[in-house]
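This briefing goes through selected helices, their packing and a few individual residues, grouped by topic. Please read it alongside the sequence and the coordinates.

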Amino acid sequence: MGRRQTLRARARVREAYGRHHPKARPSAGDAPGGVRAWDRNWRREARTAWWCGLSLGGVLLLADLARGGLDWQRGCSWTAIGAALVGVLRPPRITAGEDWLAARGLLREHRVRTDLLTQVRRADGVAPRLVLRDVGGNRVELDPAVLAANPLLWHRLDAGARRSRERGLLREGTVPLAALAARIDGEGARRLLKSAGLE
């Protein structure tokens, strides 16, 4: 029975991603229904990352220029340091649609089918991450705070994960999802009470 479910899931992946390229990821425009939810704070955070990188690069260039030691090699080094800071600070852009969730970094996009998830786990470290994996082997990492700050993104992920559970695909991940749901519901209730003046 487990093998039959796995074969059916693989058939769905081939149907979802294309018959000849089972791991090919459709672009956001090709996805059915297109982008339905996105991180509303992404622009502000990306702008902050650019300002920090430009400021650091500019300060280093100006300090070297004032000291009289600026040449093209040092200028390129300071510019590279500023660009590296942008790369480190700029968050991935999280979008979601009907049965998919994507994280777009500086160079490429990672996408999973939320209705075909096989694993959801929480990776704790310097910054906690939620790691999603689908039956096609695709993987997305995102900050759980993004889902907490964007209820529509959370709704898309939760709806897809429920379908994965119903199909018997999602066997690992109920604990992190339940913890995240409790956190989001608690924050939503606090916001509601605050807006009503009851807190």
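In this predicted model, helix H2 (residues 42–67) and helix H3 (residues 72–89) pack at an angle of about 160°, with their axes 7 Å apart. Because angles over 145 degrees count as roughly antiparallel, H2 and H3 are described as roughly antiparallel to each other. The crossing in which H2 passes H3 is right-handed.

**Packing of H2 with H3**

- On the H2 side the contact is made by Ala 49, Trp 50, Cys 52, Gly 53, Leu 56, Gly 57, Leu 60, Leu 61, Asp 64 and Arg 67, which meet Arg 74, Gly 75, Trp 78, Thr 79, Ile 81, Gly 82, Leu 85, Val 86 and Leu 89 of H3.
- Sorted by class, the residues in this contact of H2 with H3 comprise 11 nonpolar, five polar and three charged ones.

**Helix H2 itself**

- H2 has 26 residues and spans 38 Å between its first C-alpha and its last, close to the 38 Å expected at 1.5 Å a residue.
- The buried residues of H2 are Trp 42, Ala 46, Ala 49, Gly 53, Gly 57 and Asp 64, and these buried residues pack against H3 and S2.
- After H2 comes Gly 68, which has a positive phi near 85°.

**Helix H5**

- H5 (residues 151–166) is made up of 16 residues and reaches 22 Å from its first C-alpha to its last, close to the 22 Å expected at 1.5 Å a residue.
- Buried in H5 are Leu 153, Trp 154, Leu 157, Asp 158, Ala 159, Gly 160, Ala 161 and Ser 164.

**Asp 99 in a loop**

- Asp 99 lies in the loop that joins strand S2 (93–97) and strand S3 (100–104), and its phi is near 70°, a positive value in a residue other than glycine.
- Most residues other than glycine have a negative phi.
- With a relative accessible area of 15%, Asp 99 is buried, because buried means under 20% relative accessible area.

**Arg 183 in H6**

- Arg 183 has its place in helix H6 (residues 174–195), and with a relative accessible area of 35% Arg 183 is partly exposed.
- When neighbours within four places in sequence are left aside, Arg 183 is in contact with Pro 144, Ala 145 and Ala 148.
- Arg 183 and Ala 145 are 38 residues apart along the chain, and their C-alpha atoms are separated by 9.8 Å.

Technical notes:
Residues are numbered from 1 along each chain as its sequence is written. This is a predicted model: local features need pLDDT of at least 70, side-chain atom pairs count only at pLDDT 80 or more; totals for chains, interfaces and linings use all residues. Side-chain values use heavy atoms; hydrogens and water are left out. Helices (H or I, at least four residues) and strands (E, at least two) are DSSP runs, numbered from the N terminus. The expected span of a helix is 1.5 Å times one less than its number of residues. Buried means under 20% relative accessible area, exposed over 50%, partly exposed in between (1.4 Å probe, protein chains only). Contact means heavy atoms within 4.5 Å. Axes are lines fitted to C-alpha atoms, for helices over the stretch in contact, and angles run from 0 to 180 degrees between N-to-C directions. Angles under 35 degrees count as roughly parallel, over 145 as roughly antiparallel, 65 to 115 as roughly perpendicular and the rest as oblique. A crossing is left-handed if the near helix is turned anticlockwise from the far one by less than a right angle, and right-handed if clockwise. Ala, Val, Leu, Ile, Met, Phe, Trp, Tyr, Cys and Pro count as nonpolar, Asp, Glu, Lys and Arg as charged, and the others, Gly among them, as polar.
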